[in-house]
Amino acid sequence: MNKISWQSPSNIALIKYWGKTGDQIPTNPSISFTLEKSFTETTLIYEKTDKKKGISVDFLFDGESKPDFEKRLVNYLNRISEYIPAMQGLQLKIESRNSFPHSSGIASSASSYSALALCLVSMEEKLMGTPFTTDAFYQKASLLARLGSGSAARSVYSGCNLWGKTPGIVESSQLYSIPINHQVHSDFLNYKDAILLVSKSTKKVSSSAGHQLMDKHPFAEAKFKESFKNTEKMLSILKTGDAMEFANLVEAEALSLHAMMMTSNPAFLLMEPHTLAIIRKIGNFRHETGIPACFTLDAGANVHLLYPSYAIEQIQTFIKKTLMPYCFNYQWIDDQFGNGPVQQTV
Ligand code: DP6
């Protein structure tokens, strides 16, 4: 049966990717944790036809066709066919679904492109009849995922990932992410992420447009320099396991991402009043309890509350009593740092 299926999670960046050149080449390294429950499941069915016919795609999301996304997909597949020459002349049927609610404001490009890239590399293995080594398999999946959406490069591995050439880390690359769990204190590997859904509206600015705003941003150079420094600092914190230092740096990174958007031209203010209310409450909670919970943000209004799993009871009470009233329809997702993508039996 020419059918392959992968489930791949989204990821949350601690050090943010914001700014790129060329073919999704990041202007600074980024560090993330792969999540567990927020995932995309993608099934790929392929059939050989005439090579001259190129690549044709039928795409279904939640069982429904999505012509806009289908066009993007055809572009993407043609772009990456130089890495999988055997793809020319294939007829593909791709079906996807997300575990998280549609238009919840959660970035799905990371999970969707990583799930698709994993399916494509599995397909290449089957077409060629020779398996890749495990390292080569995931490296290629990360590279192909990056070409769909930069942050997707970091979703093919479990736990903690580093993407972007980083001084002192020889294996690091601009082209794919590398897993760095062996350099991470075990306390962090069990962290939890409560995703507090503040706004369900679609993004005010697409990530691609957002990255472009950095091209002429007056503070871009300083920001990129700072991101390199923050990457170095974060790598050291991850090793030592200093949870308070972790909290301070994660929050500083999130705020400086939003500061870039607020000071770009045009400017974007993506936080909502409830975003601010939540991040203030998280700061107060940390101060009062000494529990090193912290927030981070993507390019939107939702808040990720990161916390050590030992504090689960206090945090969940805090969420239910204090934070849930600020969430859209009281919705939040009880996620955690996870084990990475899983191939499904079909
Ligand atoms: C703010 O990966 O969505 O979430 O490469 O254009 O698809 P494209 O952008 P994308 O950018 C994500 C930006 C971010 C920070 C991060 O995840 O590092």
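Helix axes are taken here as lines fitted to C-alpha atoms over the stretch in contact, and angles run from 0 to 180 degrees between N-to-C directions. The model described is a predicted one.

In these terms, helix α2, spanning residues 109-128, packs against helix α3, spanning residues 134-148, at an angle of about 130 degrees, and the two axes are 8 Å apart. Angles over 145 degrees count as roughly antiparallel and those from 65 to 115 as roughly perpendicular, with oblique covering values between these ranges; α2 and α3 are therefore oblique to each other. The crossing of α2 past α3 is right-handed. On the α2 side the contact involves Y113, S114, A117, L118, V121, S122, E124 and E125, and these meet F137, Y138, K140, A141, L144, A145 and G148 of α3. By class, the residues of this α2 and α3 contact comprise nine nonpolar, three polar and three charged.

At the level of domains, the protein chain is divided into domain 1, covering 2-183, and domain 2, covering 186-336. The contact between them draws 34 residues from domain 1 and 42 residues from domain 2. A distance of 24 Å separates the C-alpha centres of domain 1 and domain 2. About 3,300 Å² is buried between domain 1 and domain 2, and carbon and sulfur atoms give 69% of this area. Within domain 1, L14, K16 and W18 supply 25% of the area that this domain buries against domain 2, which is more than any other three residues.

From α6, the contact is made by K223, S227, N230, K233, M234, I237 and L238, while α7 contributes E245, F246, L249, V250, E253, S256, L257 and M260. Eight nonpolar, three polar and four charged residues make up the contact of α6 with α7.

The loop between α7 and α8 (273-289) contains P266. The peptide bond joining N265 and P266 is cis, with omega at about 0 degrees.

Helix α8 also takes part in a packed pair, with helix α9 (residues 312-323); the axes of α8 and α9 come within 12 Å and cross at roughly 140 degrees. This angle makes α8 oblique to α9. The crossing of α8 and α9 is right-handed. Residues I278, K281, I282 and F285 of α8 make the contact with Q314, I315, F318, T322 and L323 of α9. The contact of α8 with α9 has six nonpolar, two polar and one charged residues.

Although D62 is not a glycine, its phi is positive, at about 50 degrees.

Key. Residues numbered from 1 in each chain as written. Predicted model: local features only at pLDDT ≥ 70, side-chain atom pairs only at ≥ 80, totals over all residues. Heavy atoms only, no water. Helix = DSSP H or I, 4+ residues; strand = E, 2+ residues; numbered from the N terminus. Parallel < 35°, antiparallel > 145°, perpendicular 65-115°, else oblique. Left-handed = near helix turned anticlockwise from the far one by under 90°. Contact = heavy atoms within 4.5 Å. Nonpolar A, V, L, I, M, F, W, Y, C, P; charged D, E, K, R; others polar. Domains from an automatic or database assignment. Buried area = accessible area lost by both parts, 1.4 Å probe.
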